[in-house]
Amino acid sequence: MMTSALAARLREGVSLVLREAAEKIILPGRWRLLDDEIALKAPGEVVTGVDRESEAFIAERLCALHPEATVVGEEAVAVDPSLLDDLATKLCWIVDPLDGTANYAAGKVPFGIMIGLASAGEILGGWMLDPVTQRMCGAELGHGARIDGTPFLASGSGRDRPVAAVSRLFEDPLRRERVQAALAHCEVTDSPRCAADQYPRVALGIHDLTYFDRTISWDHAAGVVFLNECGGRAAHPDGTAYRVDRPRPGLLVATQPALWESVAKSVAAAI
């Protein structure tokens, strides 16, 4: 576990990196994005020149902030998948330089930036910025969670039927139907294609629960540690902890551990 002094230094340093990337690259890029800068890197996976530019900028700054750590970025991995091997053995920055790219490319919100820090697969810290609202969410393992620098604890929606957001990104549509059926006692809604926004939605009680089928490290490292440190729970439905070096389908996130426990067994059976 990192010391309080290191946690504070990383919190301040990463915040500056995220805000710089948003100000210099992400927000200006919305108005200069051309059709020839938008491409498919995989079925259903949009990438833009802004993603690549943001990742290069962030990687350079993170290397200066904590040079002992290797950078594993979404766009770098698309070119060289062997970089994922570092997650199992090294201290790694995990970078999603523009989460919610499909929304961004379509001129819509939400979108965000996510940075995680992990050592040999275990998440040590995570930070998420909404470039439009400037909301900064972050946490360091054992040091609590913060929103805009203020210590924060999660709270539910208070509704009689918990609100459960289910991601549309399922490789198996039948599994999505089973998960929805397992959450039949909840008010089920679609979650936006942006984990950087969905994790704060759960923490803030806009949604009480969410289920992600895909568990790629740059989509979840920051959000998992943030939810767990602010008093919620994010884990695989069978109860095992999420690790960035062992992604497998199924990640259940809830604003309160008791709520997580109440649905985990049925969701685990559905997947």
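Guide: Contact, or touching, means heavy atoms within 4.5 Å. Ile-94 touches Val-72, Leu-87, Met-114, Ile-115, Gly-116, Ala-118, Ser-217, Trp-218, Ala-221 and Val-244, leaving aside residues up to four places away in sequence. This is a predicted model, where local features need pLDDT of at least 70 and side-chain atom pairs count only at pLDDT 80 or more, while totals for chains, interfaces and linings use all residues. Residues are numbered from 1 along each chain as its sequence is written, and side-chain values use heavy atoms, with hydrogens and water left out.

Visitor: What makes a set of residues a nonpolar core?

Guide: Its members are buried Ala, Val, Leu, Ile, Met, Phe, Trp, Tyr and Cys residues, joined through side-chain atoms within 4.5 Å. Buried means under 20% relative accessible area, exposed over 50%, and partly exposed in between (1.4 Å probe, protein chains only). The largest nonpolar core here has 35 residues. Those touching the most other members are Ile-94, Tyr-199, Phe-226, Leu-227, Val-244 and Val-253.

Visitor: Which helices and strands each supply at least two residues of this core?

Guide: Among them are strand E4 (91-99), strand E5 (112-119), helix H6 (195-203), helix H7 (217-229) and strand E14 (251-254). These labels are DSSP runs, numbered from the N terminus: helices (H or I) have at least four residues, strands (E) at least two. H7 gives the largest share, 7 residues. Apart from this core lies another, of 30 residues, including Met-2, Ala-22, Leu-62 and Trp-127.

Visitor: Why are H6 and H7 called roughly parallel?

Guide: Their packing angle is about 15 degrees, with the axes 9 Å apart. Axes are lines fitted to C-alpha atoms, for helices over the stretch in contact, and angles run from 0 to 180 degrees between N-to-C directions. Angles under 35 degrees count as roughly parallel, over 145 as roughly antiparallel, 65 to 115 as roughly perpendicular, and the rest as oblique. So H6 and H7 are roughly parallel to each other. Where they meet, H6 brings residues including Tyr-199 and Pro-200, and H7 brings residues including Phe-226 and Leu-227.

Visitor: What makes E11 and E13 edge strands?

Guide: Five strands form an open sheet in the order E11-E10-E12-E14-E13, with mixed pairing. Strand E11 (187-190) and strand E13 (233-235) each pair on one side only. The twist averages 15 degrees from one strand to the next.

Visitor: How do you know that E13 and E14 pair?

Guide: Two strands pair if DSSP finds at least two bridges between them. E13 and E14 have 3 bridges, in the antiparallel sense. One of the bridges joins Ala-235 to Leu-252 in E14. H7 packs on this sheet, touching strand E12 (209-212), E13 and E14. Helix H8 (residues 257-270) also lies across E12, E13 and E14.

Visitor: Why does Asp-160 count as exposed?

Guide: Asp-160 has 82% relative accessibility, so it counts as exposed. Asp-160 is in the loop between strand E9 (150-152) and strand E10 (163-166). Glu-187 is 27 residues from Asp-160 in sequence, but 9.6 Å away in space, C-alpha to C-alpha.

Visitor: Why is Gln-134 called partly exposed?

Guide: Gln-134 has a relative accessible area of 31%, so it is partly exposed. Gln-134 lies in the loop between E6 and E7. Although not a glycine, Gln-134 has a positive phi of about 70 degrees.

Visitor: What makes Asp-148 partly exposed?

Guide: The relative accessibility of Asp-148 is 45%, so it counts as partly exposed. Asp-148 is in the loop between E8 and E9. Asp-148 is not a glycine, yet its phi is positive, about 50 degrees.
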